[in-house]
Amino acid sequence: MASNRPAPEGPSAYDLDDRGAFQGPGDADNTNDGPWEEWNPTEDSIRSVRGKHRVAKQRGGGLARSSTVLGVGVIAAVGAGGMATAEGRPAVPISMPDVGGMADDLADKLPDAESLPGVGDLISDSDSGTDSTAAATSATDGAVQDVSGPLTQASGTDSGAGAGEALRSRILQQADAQQGAAESEAREAAEHAAFQKAETEAATHQKSAEKAAAAKKAAEMEAKREAEEAARRKAEAARLAKLAKNFIAPVSSYTLTASFGQAGDRWAADHTGQDFAAPTGTPVKAVHSGTITQAGWAGSYGYRIVVTLDDGTELWFCHLSSMVKTSGKINTGDVIGRVGATGNVTGPHLHLEVRPDAGDPIDPMPWLRDHGINV
């Protein structure tokens, strides 16, 4: 392909001297030292240009890579008054500008690798400057390689290594973050389990403490109740002991026979008192101090003595064989009569009735026990 610039006009055969050299501006007379012949420069006849130019061989079978190469090829192919092909002719050495210096200038103008989209994120901050400079230099060197050799790809290794290291670092960071999250979750789960266990143990301990407190309270209440009961029994015993000094059994030796409420054909109704069987003539004593309000024959009761206590309770002593006292005040233990079999009886015994407030009779046995008399 031709460049956009017009190819330089090549010298004609008339401008060459007989040695094939260009005629300079001082050779106005156009005199030649020898016969004219066509000049074909070769690698052996042309010395390499030093300095800012270097000689490179043209690749066989291809066109030149710059406008300069194209221009030189055109000049070399100029024939006598027209364009000729270079086919069949030996390779012509060409002169190229030194791109080494251009590479240095170009490297300073290349952008940093960190500013390139999609590349800066893969390069760590510590290696970004070095890797980008190396990549730019490598890219420049690869671009200005000799046309006869392949391009060098030095930047790919460094940038690939940097990107791989950055990717490895990111993967390790993600793995560390995931491991930290897993450890944190496991730690939170363990703390939650420990909290639940402690809460359960605390609830169990609290329930045990409440049960123990309830048991202790129940024991204290039971102990208190027992103490109160013991105190009550003690007080009752003291009371009965005191009453025992004032209440005695009506007879000293006896056998309990017919009891209160017992039915029988000998009574118009159920039995109204307690019978103490004893031999005839056994002394009958005053159960408690009081006043004799009645004494005499009482029909089916035989001889009867009625003693009225200070609280109004009447005590009937019935079926007596004889009456020792028939009136007046009496004290506890005074003999007031003797056991007999008078009235409606089948044998000698004392029939005792207890009538509170001079009313209907009650069972004498509980009344006697309540007053300290153990019968």
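In this predicted model, the largest nonpolar core has 25 residues, and those with the most contacts inside it are Val284, Val287, Val307, Phe317, Ile336, Trp367 and Leu368. At least two residues of this core come from each of strand E7 (303–308), strand E8 (314–323), strand E10 (335–339), E11 and helix H5 (364–370). For Phe317, when residues up to four places away in sequence are not counted, the contacts comprise Pro250, Val284, Lys285, Val287, Tyr303, Arg304, Ile305, Val307, Ile336, Leu350, His351 and Leu352. Val284, Val287, Val307 and Ile336, which are touched by Phe317, are themselves among the residues with the most contacts inside the core.

The protein as a whole has five helices and 11 strands. Of its 375 residues, 22% count as buried, and its accessible surface comes to about 24,800 Å², of which 54% belongs to carbon and sulfur atoms. Among contacts between residues at least 6 apart in sequence, 58% join residues at least 24 apart.

Strand E4 (residues 274–277) pairs with two other strands. With strand E3 (residues 255–256), the pairing is antiparallel and extends over two bridges, and Thr255 has Ala277 in E4 as its bridge partner. With strand E11 (residues 349–355), E4 is joined by four bridges, and these two strands likewise run antiparallel; here the bridge partner of Asp275 is His351 in E11.

Phe276 is found in strand E4 and is buried, with a relative accessible area of 0%. Leaving aside neighbours within four places in sequence, Phe276 is in contact with Pro250, Val251, Tyr254, Thr255, Leu256, His349, Leu350, Leu352 and Leu368. The C-alpha atoms of Phe276 and His351 are separated by 6.5 Å, although these residues are 75 residues apart along the chain. Leu368, one of the residues contacted by Phe276, is also listed among those with the most contacts inside the largest nonpolar core.

The loop between E4 and strand E5 (283–285) contains Thr282. This residue counts as buried because its relative accessibility, 15%, lies under the 20% cut-off. The side chain of Thr282 reaches the backbone oxygen of Pro279 at 2.7 Å. When residues up to four places away in sequence are not counted, Thr282 touches Val251, Gly337, Arg338 and Val339.

Aromatic rings were considered next. A pair of aromatic rings is described by the distance of the centres and the angle of the planes. The count comes to four aromatic pairs. In one of these, the rings of Phe247 and Trp367 have their centres 5.9 Å apart and their planes at 75°, so the pair is edge-to-face. This pair links distant parts of the chain, with Phe247 in the loop between helix H4 (154–244) and E3 and Trp367 in helix H5, 120 residues apart. Both Phe247 and Trp367 are buried.

The rings of Tyr301 and Trp316, whose centres are 5.6 Å apart and whose planes stand at 90°, also form a pair that is edge-to-face. Distant parts of the chain are linked here as well, since Tyr301 lies in the loop between strand E6 (290–297) and E7 whereas Trp316 lies in strand E8, 15 residues apart. With regard to accessibility, Tyr301 counts as partly exposed at 21%, whereas Trp316 is buried, with a relative accessible area of 12%.

Backbone geometry draws attention to two further residues. His319 has a positive phi of about 65° although it is not a glycine; this residue is found in strand E8 and, at 5% relative accessibility, counts as buried. Ala358 likewise has a positive phi of about 65° without being a glycine. Ala358, however, is found in the loop between E11 and H5 and, at 43% relative accessibility, counts as partly exposed.

Note on methods: Residues are numbered from 1 along each chain as its sequence is written. This is a predicted model: local features need pLDDT of at least 70, side-chain atom pairs count only at pLDDT 80 or more; totals for chains, interfaces and linings use all residues. Side-chain values use heavy atoms; hydrogens and water are left out. Two strands pair if DSSP finds at least two bridges between them. Buried means under 20% relative accessible area, exposed over 50%, partly exposed in between (1.4 Å probe, protein chains only). A polar contact is a pair of N or O atoms within 3.5 Å; within protein, one must be able to donate a hydrogen and the other to accept it, and residues adjacent in sequence count only if both atoms are side-chain atoms. Contact means heavy atoms within 4.5 Å. Accessible areas come from the Shrake-Rupley method with a 1.4 Å probe; for residues, only the protein chains shown count as cover. A nonpolar core is a set of buried Ala, Val, Leu, Ile, Met, Phe, Trp, Tyr and Cys residues joined through side-chain atoms within 4.5 Å. Rings of Phe, Tyr and Trp (its six-membered ring) pair if their centres lie within 6.5 Å; planes under 30 degrees apart count as stacked, over 60 as edge-to-face and the rest as tilted.
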